[in-house]
Amino acid sequence: MLLLLPTSTWADNNKIIIAAEDAWAPFANPNGTGMAHEIITAAFATQNVDVEFHVFPYARVLHYLDTGTYIAGFNVPIDKITEQKYLLGSTPLYEAYSAYYYNTNKPLIAVDRETFSGESVGVVRGFGYGQHHIDLVSEQYIYAQPTSSDEVNVKRLILGRLDSALIFVKVANLLKRQHKLPDEIELAFINEGTDIYLAFSKLHPQSQHYQAIFEKGLFAIIANGERERITSSY
């Protein structure tokens, strides 16, 4: 890891440096791998551009985009704020589905996301789960209980301290493969899908140029089925 960062990271016709988040497996892993990395690398490869990832906590990724230190960073969900702050383009990297999970030993009364009536729901602090979730919290149909990780929410579900927990489906599937999601914790129903983007900094002088290159590459791997192959492998 670089100890001193330049004022602005560079890109040339054959290589681009991108800020990657470090803690949202399987979308982004601490070692600079993950589903998002594969999609981005594949898209740029169609345009003969190599990618180097510098890995940081997500808040720092956003800071580097805000200051123009890095040309691009991920994984950024689309909302009113991010649309104003960053160049997101017309096509997301992928759509991430979140769902409500529950403990089968403590059945969930709600049968879909429209029938909550004051349940406690575990969420990860700083994660975005969509406008519908925000509305449920503001109208007190659910009471969000934030914590530091999905693993903590799983433990709280096991102990009966939550009625439900919002977890992204691919994250839950990974936890199950890692034997960190017990059999009694099951998916109740889908919350919604969130479009996730490679965001380009509005302050970096090369952003528009490389966003156009990336979009062209992303369209190419969507057309040839490569993005679907990558996402379905996780």
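Is Asp 66 buried, partly exposed or exposed, and at what relative accessibility? The legends below treat a predicted model, and the first of them takes up this residue.

**View 1. Asp 66 and Lys 85 form a salt bridge.** Asp 66 has a relative accessibility of 32%, so the residue counts as partly exposed. Its partner in the salt bridge is Lys 85, with the closest N and O atoms 3.3 Å apart. Because Asp 66 belongs to helix H2 and Lys 85 to helix H3, the pair ties together parts that are 19 residues apart in sequence. Lys 85 is also partly exposed, at 38% relative accessibility. Side chains of opposite charge can pair when their charged atoms come close.

**View 2. A salt bridge joins the side chains of Glu 52 and Lys 15.** The N to O distance here is 2.6 Å. Glu 52 sits in strand S3 (residues 50-56) and Lys 15 in strand S2 (residues 15-21), so this pair links distant parts of the chain, 37 residues apart. Glu 52 is partly exposed, with a relative accessible area of 27%. Lys 15 is partly exposed as well, with a value of 28%.

**View 3. Arg 113, Glu 114 and Glu 192 belong to one network of salt bridges that share partners.** Within it, Arg 113 pairs with Glu 114, and their closest N and O atoms are 3.7 Å apart. Arg 113 is partly exposed at 22% relative accessibility, whereas Glu 114 is exposed at 55%. The count of salt bridges in the model comes to 6.

**View 4. The largest pocket has a volume of about 1,000 Å³.** Its lining consists of 45 residues, and those nearest the centre are Pro 77, Gly 126, Phe 127, Gly 128 and Phe 168. Among the elements that give two or more residues to this lining are helix H2 (58-67), strand S4 (72-77) and helix H3 (80-85). Strand S10 provides the largest share, 5 residues. By type, the lining residues divide into 22 nonpolar, 12 polar and 11 charged. Rolling a probe the size of a water molecule over the atoms shows where empty space is left.

**View 5. Tyr 97, Leu 187 and Ile 190 make a nonpolar surface patch.** The patch covers about 260 Å². Ile 190 lies in strand S10 (residues 185-201). With a relative accessibility of 39%, Ile 190 counts as partly exposed.

**View 6. Val 137 is found in helix H4.** This residue is partly exposed, with a relative accessible area of 29%. Val 137 and Ser 120 are 17 residues apart along the chain, and their C-alpha atoms are separated by 10.0 Å.

Technical notes: Residues numbered from 1 in each chain as written. Predicted model: local features only at pLDDT ≥ 70, side-chain atom pairs only at ≥ 80, totals over all residues. Heavy atoms only, no water. Patch = residues over 30% accessible without salt bridge, like charges linked within 9 Å, V, L, I, M, F, W, Y side chains within 5 Å. Areas by Shrake-Rupley, 256 points an atom, 1.4 Å probe, with all protein chains shown as cover. Salt bridge = Lys/Arg side-chain N within 4 Å of Asp/Glu carboxyl O. Helix = DSSP H or I, 4+ residues; strand = E, 2+ residues; numbered from the N terminus. Buried < 20%, exposed > 50% of the residue type's maximum accessible area, 1.4 Å probe, protein only. 1 Å grid on protein atoms, 1.4 Å probe; cavity = no way out; pocket = protein on both sides within 12 Å on 5 of 7 lines; lining within 4 Å. Points joined across faces, edges and corners; volume = space filled by probe spheres on them. Nonpolar A, V, L, I, M, F, W, Y, C, P; charged D, E, K, R; others polar.
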